[in-house]
Amino acid sequence: MPDLVQGFNFRVSLRRSTSAGPTSTPPPALTDKPGEASRTGPVAGGAAAGPPDQLGDGGFQECTGLELEMELGDHPEGGRNDGLVRGIGRVKLQPIVLKRGMLVPIPGGRAETALWDWLHGIVGGERRAARYDGDIEVLDATGGRTVAHWRFTRGLPVKLTGPALNARTGEIAMEELHIAHEGLRLEGS
């Protein structure tokens with residue numbers, strides 16, 4: 001009998017997309033000169049160095065939007081009155097919504113501003129907005145085994161809600177993140 005997942009949580013990671021997307025133009029380089037190390041943080045003097053290669057890993061208690069919906073096109077045939085031919089159309093992708101969790105950068109485990117900077121850059125008119133690919137893993141109750149793994153490509157932030165801070169409850173700061181993407185896939189083992 002297969003294992004039933006009694007309790008589980010989600011692990012999410014966001015990393016800079018290397019996919020060229022529909023324009024066949026690769027994403028902008030993260031370096032100033034060929035052969036230079038990629039930029040993942042501020043440069044000397046505190047100036048921004050460009051988008052980081054990875055926004056961090058995080059844990060969330062709720063994830064929705066893991067769905068694909070195919071549009072159908074009805075094509076009536078002349079002389080066939082008892083039915084019609086149905087053809088496939090475009091796929092509708094829903095935004096991925098991550099709730100009650102938080103992304104933290106890998107080293108140090110401290111929350112930083114990279115996620116907010118990503119959204120503010122787009123709102124501020126950044127021409128070539130950085131896109132991020134992501135992995136969503138459903139973990140078993142012990143957190144030691146991945147039960148399911150989804151991968152999305154070329155994500156953009158649609159909505160970001162900061163944590164509701166309340167010193168009386170002692171709850172961990174949480175946030176909500178909505179990501180529009182260009183592809184979703186359930187990965188095999």
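Okay, ground rules. The model is predicted, so local features need pLDDT of at least 70 and side-chain atom pairs count only at pLDDT 80 or more, while totals for chains, interfaces and linings use all residues. Residues are numbered from 1 along each chain as its sequence is written, and side-chain values use heavy atoms, with hydrogens and water left out.

Let's start with α1, residues 114-123; helices here are DSSP runs of H or I, at least four residues, strands are E runs of at least two, and both are numbered from the N terminus. Which residues of α1 are buried? Ala114, Leu115, Trp118, Leu119 and Gly121, where buried means under 20% relative accessible area, exposed over 50%, with a 1.4 Å probe and protein chains only. They cover an arc of only 155° around the axis, so they sit on the same side of α1; that arc is taken from the directions from the helix axis to the C-beta atoms. On the other side, His120 and Val123 are exposed.

Leucine 177 touches, among others, Leu14, Ile96 and Leu115, a contact being heavy atoms within 4.5 Å.

Last, leucine 72, in strand β3. Buried or exposed? Exposed, at 53% relative accessible area. Beyond four places in sequence, leucine 72 contacts Arg86 and Gly87.
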